[in-house]
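Student: Hi! I have a structure open and would like to talk it through with you. Could we start with one residue and work outwards?
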Amino acid sequence: MSDAAHAHGHDDHGHHAHPTGMMRWLTTTNHKDIGTLYLWFALIMLFSAGTMALLIRAELFQPGLQLVHPDFFNQLTTMHGLIMIFGAIMPAFTGFANWQVPLMIGAPDMAFPRMNNWSFWLLPVAGLMLFSSFLLPGGAVAGGWTMYPPLFIQGGISYDLTILAVHIMGLSSIMGSINIITTILNMRAPGLTLMKMPLFVWTWLITAYLLIATMPVLAGSVTMLLTDRNFGTHFFNAAGGGDPVMFQHIFWFFGHPEVYILILPAFGIVSQIIPTFARKPLFGYASMVYATASIAILSFIVWAHHMFAVGLPAAAQLFFMFSTMLIAVPTGVKVFNWVATMWKGSMTFETPMLFAIAFVCLFTIGGFSGLVLAIAPVDIQLQDTYYVVAHFHYVLVSGALFSIFGGIYFWLPKWTGHMYDETLGKWHFWLSVIGMNILFFPMHFLGLAGMPRRIPDYALQFTEFNQIATVGAFIFGFSQLIFLVVVLKAIKGGARAADRVWEGAEGLEWTVPSPAPYHTFETAPVLK
Amino acid sequence: MKSMWQRAGTMGAAWAAWAVSRPALAEYAVNLQPPASRVAQDVFQLHNLIMLVVLGIFVVVFGTMFYSLLKHRKSLGHQAANFHENTTVEIIWTVIPFIILMGMAYPAAKVVIDMKDTSNPDMTVKITGYQWKWGYDYLNDGISFYSSLATPRDQIEGAAAKDEHYLLEVDEPMVVPIGKRVRLLITANDVIHSWWMPAFGVKQDAIPGFIRDTWFKADKIGTYRGQCAELCGKDHGFMPIVVNVVSEEDYKAWVAKKKGAASTAAADNGKAFDVAELVARGEKVFSANCAACHQANGMGLPGTFPALNGSKVATGPLAGHLQVVLNGRPGTAMAAFGKQLSDADIAAVVTYERNAWNNKMGDAAQPADVAAARGAATEAAAPAAQ
């Protein structure tokens with residue numbers, strides 16, 4: 001089977017008249033091109049929203065207002081959140097899905113290549129709408145990425161623009177998910193049964209279902225905001241018979257599964273990396289699949305734990321507290337399985353493995369703070385404080401983002417045909433992991449001591465930990481430039497990568513040449 | 001090159017000297033604030049318990065992982081084993097966490113039920129969140145007042161040294177007697193706020209159009225400080241909460257003093273003032289209620305908050321100006337101040353706005369005009385309601 005792929009690898013550019021330059025990228029229907037587009041888009045968004053984060057941290061270096069006006073500060077926190085979630089993390093994972101799902105299941109491309117092109121090219125439109133809102137009268141949205149009314153009803157024209165941008169990004173996600181589900185269910189190589197699929201494919205299959213289930217809910221909730229703002233409806237206005245808290249219920253019915261949309265693909269990537277560098281099969285494959293599915297199902301019945309402070313009745317508080325605590329069980333199973341995979345392996349510590357190990361350890365810290373926050377009475381003390389900021393950054397930075405870094409280092413040789421610079425990769429890893437902890441760990445203490453989140457200025461007793469966090473932010477932020485250098489260097493040249501890049505690598509993607517030719521698996525491989 | 005390093009060294013030393021010499025503000029708190037109520041005490045202990053369990057699990061799991069990272073490496077010649085499942089082990093590490101969680105859930109549930117029990121209060125206070133201040137109505141004692149940030153603007157902007165309770169000080173603190181069960185009815189006037197007093201273990205969102213209740217019983221005399229905990233717009237970071245817990249006698253004295261102040265204010269509503277008196281009083285009302293958005297110089301913030309200097313409202317007919325201040329502009333951040341301010345204060349602030357900056361209107365609103373405008377609004381609303 002790999003012979004067929006090889007034979008096509010060298011002359012595949014010959015038999016279609018490919019547009020070149022910009023038109024190649026605008027009109028491409030190739031899953032590898034589209035994967036590349038998604039990943040570059042995500043990287044640009046990461047740097048933009050990261051710059052906003054550095055501005056936020058610079059303002060918070062000292063008490064008092066130094067750099068930005070409070071209203072602009074709120075614009076920065078809101079846009080940082082929206083862009084990191086919808087512009088950086090989600091598109092990065094979709095980029096991985098585009099590159100890797102067909103390669104890992106032995107399919108020639110995605111099921112709907114033209115829709116694939118469309119779902120990517122919607123994103124820059126939405127991104128442009130978000131960024132341009134900074135230039136509108138009144139500035140960008142400042143009501144928080146959670147868009148709670150009635151505050152969100154008060155804003156100017158950029159609020160409507162943001163709602164439309166969210167609609168467009170949701171559309172892109174739904175189309176991407178339809179594509180991924182159809183590809184996985186219909187285009188697997190003969191013999192690749194569901195329970196033989198690589199775990200990355202499994203996690204994306206489940207993630208795509210979560211997206212299809214929840215994105216319409218988000219679209220509905222922001223549409224209600226739009227009509228409340230412009231057409232005189234009163235969904236969220238008590239004076240007209242509505243209820244502001246209803247928005248929170250609808251939003252978090254989307255919002256909590258969204259949390260798992262941001263982390264399940266990360267579980268998948270880490271589950272590919274750890275067995276490779278432990279040179280040992282993944283421990284508990286079946287229980288990993290079941291744990292992922294249970295987390296996804298549970299994610300639909302925990303949403304109100306984001307709302308313990310709105311004054312839910314005791315019965316609701318108890319239900320959502322217990323259901324949330326239950327999520328710790330399947331999550332624990334995953335962590336135990338990763339540790340058991342490493343146990344008695346023959347480990348080496350290339351950069352992808354370093355990021356995967358940091359993921360397991362630091363994501364678990366985020367999981368533990370999540371368990372603390374699940375306890376309703378404790379959450380009532382910590383809700384809307386820096387403790388929550390620390391919690392979700394441990395999950396999303398050392399969780400989602402670190403898995404993305406690990407995945408890029410892991411598959412970059414396959415994509416570019418060149419090994420990345422291992423020394424620079426290790427510098428990037430160590431500076432990131434140290435900077436990230438200096439940045440986010442003190443925030444736990446700030447939250448416990450009583451510092452609310454989303455404030456541009458703070459009381460004097462919070463000064464020291466804020467200064468430490470800001471120092472960490474600049475270490476973490478600037479060390480990402482190393483990552484950019486590593487990626488650019490690997491694209492330009494470097495040691496040639498073997499087909500099976502890593503000694504312990506298993507799976508179909510390692511049977512095609514490096515770099516993976518433009519068309520792969522035009523004849524399906526057969527698994528025994 | 002060398003001089004650059006020397007300079008960096010000098011700067012570093014200066015910074016270190018400054019950091020060491022800072023006053024004893026640096027309380028490196030690494031846990032929740034000291035509790036001053038039973039609920040806060042329960043939450044404190046619950047958090048400590050969970051942290052102990054979590055730390056234990058962390059040490060066991062990652063102790064195992066780091067042992068493996070040290071011993072099971074290829075560079076030491078360790079050969080990979082080939083096991084990849086073990087049903088017994090997998091069942092054990094599903095069941096044990098479940099049991100640990102049940103052990104945590106039981107004490108947590110007891111605290112939830114206690115926190116939600118607002119029955120049999122000794123007194124009830126209604127708290128209303130506004131952009132950006134708090135209003136307190138003592139339903140048993142008939143006292144009402146507003147509580148705004150007391151930190152001067154120049155401290156925030158770095159023009160003056162910051163005092164000890166920077167951003168955590170208010171003009172009118174809430175006062176409660178020690179050892180009394182205080183029921184709080186919490187709501188908001190404009191957007192969602194959240195009333196949070198860490199030392200009492202109370203955080204309740206203030207939701208416009210709805211009243212939610214909670215309670216506390218403070219068991220230590222002292223001054224306690226908190227902040228609004230729900231993003232509520234531009235000055236979300238500048239609406240602190242201060243509660244003074246006092247003895248029963250001190251509380252009674254405070255109630256008497258507040259009632260005296262209220263009757264003086266009521267008497268003002270019946271008086272007529274000259275323009276200079278109104279402008280002087282209005283400037284104070286303006287800086288406490290209006291300057292956050294419209295700015296002290298009356299120029300607002302372009303695109304977000306309109307300027308009053310030269311505005312059509314402030315230089316137009318007096319009746320229209322009064323209507324905007326009394327009833328607000330629904331759907332915007334402009335609140336209806338009719339319910340928040342007395343006739344005399346509204347008359348003063350409207351007169352100030354009409355005569356300050358370049359608005360040299362020369363006219364004045366009297367408390368009687370405000371009362372008349374309120375009456376007109378009620379009459380206009382009455383037929384619509386039928």
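Student: So, is B:Gln155 buried, exposed or partly exposed?
Tutor: In this predicted model, B:Gln155 has 16 C-beta neighbours inside 10 Å, so it counts as partly exposed. Being buried would take 20 or more, and being exposed 12 or fewer.

Student: Which helix is B:Gln155 in?
Tutor: B:Gln155 belongs to helix α4 of chain B, residues 153-156.

Student: And what does B:Gln155 touch, leaving out residues up to four places away in sequence?
Tutor: With those set aside, B:Gln155 is in contact with B:Ala160, B:Lys162, B:Asp163 and B:Tyr166.

Student: How many Å separate the C-alpha atoms of B:Gln155 and B:Pro330?
Tutor: They are separated by 33 Å, and the two residues are 175 residues apart along the chain.

Student: Zooming out a bit, how many helices and strands does chain B have?
Tutor: There are ten helices and ten strands in chain B. Of its 386 residues, 35% are buried. If you take contacts in chain B between residues at least 6 apart in sequence, 66% of them join residues at least 24 apart.

Student: Let's look at helix α8 of chain B. Which of its residues are buried?
Tutor: In α8(B), residues 318-327, the buried ones are B:His321, B:Leu322, B:Val325 and B:Leu326.

Student: Why do they count as being on the same side of α8(B)?
Tutor: Because they cover an arc of only 125° around the axis, they sit on the same side of α8(B). On the other side of that helix, B:Ala319 and B:Gly320 are exposed.

Student: What follows α8(B)?
Tutor: The helix is followed by B:Gly328, which has a positive phi, near 70°.

Student: New topic: how many residues does each chain bring to the contact between chain B and chain A?
Tutor: Chain B brings 85 residues and chain A brings 80 residues. On the chain B side, α2 (38-71), α3 (87-116), β7 (202-206) and β9 (222-227) each supply at least two residues.

Student: Which of those gives the most?
Tutor: That is α3(B), with 15 residues. By class, the side of chain B that touches chain A has 44 nonpolar, 25 polar and 16 charged residues.

Student: Over to helix packing in chain A. How do α10(A) and α16(A) cross?
Tutor: The axes of α10(A) (residues 264-278) and α16(A) (residues 386-416) come within 9 Å and cross at roughly 40°. That angle makes α10(A) oblique to α16(A). Their crossing is left-handed.

Student: Which residues make that contact?
Tutor: From α10(A) they are A:Ala266, A:Ile269, A:Val270, A:Gln272 and A:Ile273, and from α16(A) they are A:Gly399, A:Ala400, A:Ser403, A:Gly406, A:Gly407 and A:Phe410. They divide into six nonpolar, five polar and no charged.

Student: What about α11(A) and α13(A), at what angle do they cross?
Tutor: Their axes cross at roughly 150° and come within 8 Å, with α11(A) covering residues 285-298 and α13(A) residues 328-342. The two helices are therefore roughly antiparallel to each other, since angles over 145 degrees count that way. The crossing of α11(A) and α13(A) is left-handed.

Student: And who is in that contact?
Tutor: A:Ser287, A:Met288, A:Ala291, A:Ser294 and A:Ile295 come from α11(A), and A:Pro330, A:Thr331, A:Val333, A:Lys334 and A:Asn337 come from α13(A). The contact of α11(A) with α13(A) has five nonpolar, four polar and one charged residues.

Definitions and conventions. Residues are numbered from 1 along each chain as its sequence is written. Chains are lettered from A and ligands numbered from 1 in the order in which they are written. This is a predicted model: local features need pLDDT of at least 70, side-chain atom pairs count only at pLDDT 80 or more; totals for chains, interfaces and linings use all residues. Axes are lines fitted to C-alpha atoms, for helices over the stretch in contact, and angles run from 0 to 180 degrees between N-to-C directions. Helices (H or I, at least four residues) and strands (E, at least two) are DSSP runs, numbered from the N terminus. Angles under 35 degrees count as roughly parallel, over 145 as roughly antiparallel, 65 to 115 as roughly perpendicular and the rest as oblique. A crossing is left-handed if the near helix is turned anticlockwise from the far one by less than a right angle, and right-handed if clockwise. Two residues are in contact if their C-beta atoms, placed from the backbone, lie within 7 Å. Ala, Val, Leu, Ile, Met, Phe, Trp, Tyr, Cys and Pro count as nonpolar, Asp, Glu, Lys and Arg as charged, and the others, Gly among them, as polar. The arc is that of the directions from the helix axis to the C-beta atoms.
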